[in-house]
Amino acid sequence: MFFSAAKMAGWLPGPNEKKFPKTSHVGFGLVLGSDGKRFRTRSTEVVRLVELLDEAKSRSKSELLQRLTENGKIVDWTDEELEQTSEAVGYGAVKYADLKNNRLTNYTFSFEQMLSDKGNTAVYLQYAHARICSIIRKSNKDVEDLKMTGAISLDHPDERVLGLYLIRFAEVVEEACTNLLPNVVCEYLYNLSEMFTKFYTNCQVVGSPEETSRLLLCQATAVVMRQCFNLLGITPVYKL
């Protein structure tokens, strides 16, 4: 009825007109509380999204401040950077937790799980992206110059696995769009970060004879990760 009314109003094309824009009904599951029932406050009111986002930002900022204070790096951060990073991490955590599951599946809302830096979470992925950016910064090389003069060689098995997975990005996006399943992009992003971690563990980047090639592979991974973040509505962070 909704789509029919939109066609009558001229907002959507009729059945014999052009195909686009086209509309599809997209079903989705429920967000559950820890009790397994529909997520509500203790007073049984529906929780407002803005309250969830504010709480996620507050928690991520507290954890970030604690970690930076403990490792002595708090002096390297401005108040503006802390605010922007806390917001990107907190908001991203809520978005990713919602999108990583098949949209038809119910899931249990948990700040602790969302803001964990371990496992398939936005925080873990933000750390992975920030680590890649840190590797490139520490090399003191201009990646744009390397793109013009260098080339990627995939001689090590872990380089090859990572490189081959990177070129699957387009088909993953197409699958997600065709089936209206953003969790496909989430799964790809998480697997990509895992493959990069294995590559970085087994392949020295900075100071190695293959430095140029591996820096370019790092950059390619970071670019694809940022594209995934963008598709999911998540702002990437460049240091954590």
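In what order do the elements of the protein run from the N terminus on? They run α-β-α-α-β-α-α-α-α-α-α-α. This is a predicted model, in which local features need pLDDT of at least 70 and side-chain atom pairs count only at pLDDT 80 or more, while totals for chains, interfaces and linings use all residues. Residues are numbered from 1 along each chain as its sequence is written, and side-chain values use heavy atoms, with hydrogens and water left out.

**Figure 1. The whole protein, with ten helices and two strands.** Helices (H or I, at least four residues) and strands (E, at least two) are DSSP runs, numbered from the N terminus. The C-alpha trace spans about 65 × 50 × 30 Å along its principal axes. Of the 240 residues, 38% are buried. Buried means under 20% relative accessible area, exposed means over 50%, and partly exposed lies in between (1.4 Å probe, protein chains only). There are 29 positive and 30 negative side chains. Lys and Arg count as positive, Asp and Glu as negative; His and the chain ends are not counted. The centres of the two sets lie 5 Å apart, with each charge placed at NZ of Lys, CZ of Arg, CG of Asp or CD of Glu.

**Figure 2. Helix H5 covers residues 122-138.** Its 17 residues should span 24 Å at 1.5 Å a residue. The expected span is 1.5 Å times one less than the number of residues. The end C-alpha atoms of H5 are 24 Å apart, which agrees. Twelve of the 17 residues are buried, so H5 is largely enclosed by the rest of the structure. Among the buried ones are Tyr124, His129, Cys133 and Ile136. Their cover includes helix H3 (79-99), helix H4 (111-114), helix H6 (143-149), helix H9 (183-202) and helix H10 (211-231).

**Figure 3. Leucine 32 sits in strand E1 (residues 31-32).** Is this residue buried or exposed? Leucine 32 is buried, with a relative accessible area of 15%. Leaving out residues up to four places away in sequence, leucine 32 touches Lys37, Arg38, Phe39, Asn106, Tyr107, Thr108 and Phe109. Contact means heavy atoms within 4.5 Å. Serine 110 is 78 residues from leucine 32 along the chain, yet their C-alpha atoms are separated by 9.2 Å.

**Figure 4. The largest nonpolar core has 40 residues.** A nonpolar core is a set of buried Ala, Val, Leu, Ile, Met, Phe, Trp, Tyr and Cys residues joined through side-chain atoms within 4.5 Å. Tyr96, Tyr188, Leu189, Leu192, Phe199 and Cys218 touch the most other members. H5, H6, helix H7 (157-166), helix H8 (169-179), H9 and H10 each give two or more residues to this core. Apart from it lies another core of 15 residues, including Ala88, Phe111, Leu115 and Val237. In soluble globular proteins, nonpolar side chains tend to be buried together. Beyond its neighbours within four places in sequence, tyrosine 188 is in contact with Tyr165, Leu166, Arg168, Phe169, Val172, Val224 and Cys228.

**Figure 5. Asparagine 140 and leucine 180: two loop residues.** Asparagine 140 lies between H5 and H6. Its phi is positive, about 55°, although asparagine 140 is not a glycine. At 71% relative accessibility, asparagine 140 counts as exposed. Leucine 180 lies in the loop between H8 and H9. Phi of leucine 180 is also positive, near 55°, in a residue other than glycine. Leucine 180 counts as partly exposed, at 35% relative accessibility.
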